[in-house]
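Please consult the sequence and the structure while reading.

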Amino acid sequence: MCRMLAVIGSPGSAELDPYTHLVAAQHSLRSQCERAFVPPGSDPGHKDAWGVGWFDADGRVSLIRESGAASESPYYVFASQVSGRDHAGSGPANVLIGHLRKAVSGAVISENAHPFRVTTPEGVSLLICHNGHVRDSALDSLRSDLLDAGLQGASTRDCDSAVLAEWLALQVGDAREADTIAAALAAAFDELLARAHATDIPFEAYTGLNVLVASPYGLGVLRWFSRWADYYTLWEYRSDDGFLITSEPTHLTDRFRLIQPGNFRWYTPDGALASSVLLANAQLQIEPEVDA
């Protein structure tokens with residue numbers, strides 16, 4: 001259970017300044033660590049870990065993450081500052097994702113902080129973060145695919161989101177261009193939904209599949225869930241220079257639009273929405289409401 005944010009578009013844009021939305025805005029990702037929505041019956045806060053990762057215009061990747069609360073970490077502020085400017089490791093972020101973790105499965109350690117940096121079979125780096133819980137009825141088949149591919153270490157990760165990230169990278173296969181990577185990710189999500197919905201109780205296979213996938217070639221976004229539609233939200237903010245995607249709006253404006261469930265959206269680094277594909281298996285399997 002988590003909160004997420006992505007920025008894609010022209011570095012230097014005032015509207016899309018990473019520091020603003022990660023730290024300074026009224027309802028920045030940092031403030032969501034303490035004040036964001038939580039699932040019904042959950043304790044407040046998304047304080048178990050945080051991460052900020054990005055690709056610059058030359059495709060160089062940076063990733064900074066640690067366990068603990070972003071609201072209490074000066075290192076989080078540092079990561080937010082350097083993501084928007086040139087530094088020794090890379091240029092300013094062209095495709096950025098940030099994440100706050102509310103742990104459900106897996107140890108509360110920095111290795112289980114999102115985003116996860118994974119590599120496709122052809123060597124393309126991806127940064128992936130996830131909001132939701134993939135349960136064993138769906139996760140076991142992903143572990144099996146990783147084992148079959150000889151990725152034993154990836155298959156035995158104790159965090160469901162880490163296994164999902166490794167599996168998505170495997171599904172990208174030999175794709176190395178923006179359109180082929182986008183198509184491979186859409187097909188992978190469709191396959192995952194098909195497997196989940198084939199289980200005896202489909203809505204027990206996962207709670208949410210809100211996923212952000214950053215690459216040197218663009219950003220993939222999926223909003224999907226089996227319960228708690230008011231929690232598993234992703235909002236899109238369009239500027240002249242690109243897009244902001246966030247679990248909760250970072251500031252007061254009527255320009256945020258709620259992303260519809262089941263649409264896999266792909267944004268290019270120049271700040272354009274390249275495609276929006278309704279997944280073939282996007283048929284909501286909502287958990288029935290239970291009276292208190």
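The points below are grouped by topic. The model is predicted. Its strand 10, residues 242-246, is mostly covered, and this strand pairs in the antiparallel sense with strand 1 and runs antiparallel to strand 9.

**Pairing with strand 1**
- Strand 1 comprises residues 2-9 and pairs with strand 10 over 5 bridges, in the antiparallel sense.
- Within this pairing, V7 stands opposite L244 of strand 10.

**Pairing with strand 9**
- Strand 9 comprises residues 235-238 and is joined to strand 10 by 4 bridges, the two strands running antiparallel.
- Here R238 stands opposite F243 of strand 10.

- S239 is located in the loop between strand 9 and strand 10.
- The relative accessible area of S239 is 7%, and because buried means under 20%, S239 is classed as buried.
- A polar atom of the S239 side chain lies 3.0 Å from the backbone nitrogen of D241.
- When neighbours within four places in sequence are left aside, S239 is in contact with E15, L16 and R255.

How values were computed
Residues are numbered from 1 along each chain as its sequence is written. This is a predicted model: local features need pLDDT of at least 70, side-chain atom pairs count only at pLDDT 80 or more; totals for chains, interfaces and linings use all residues. Side-chain values use heavy atoms; hydrogens and water are left out. Buried means under 20% relative accessible area, exposed over 50%, partly exposed in between (1.4 Å probe, protein chains only). Two strands pair if DSSP finds at least two bridges between them. A polar contact is a pair of N or O atoms within 3.5 Å; within protein, one must be able to donate a hydrogen and the other to accept it, and residues adjacent in sequence count only if both atoms are side-chain atoms. Contact means heavy atoms within 4.5 Å.
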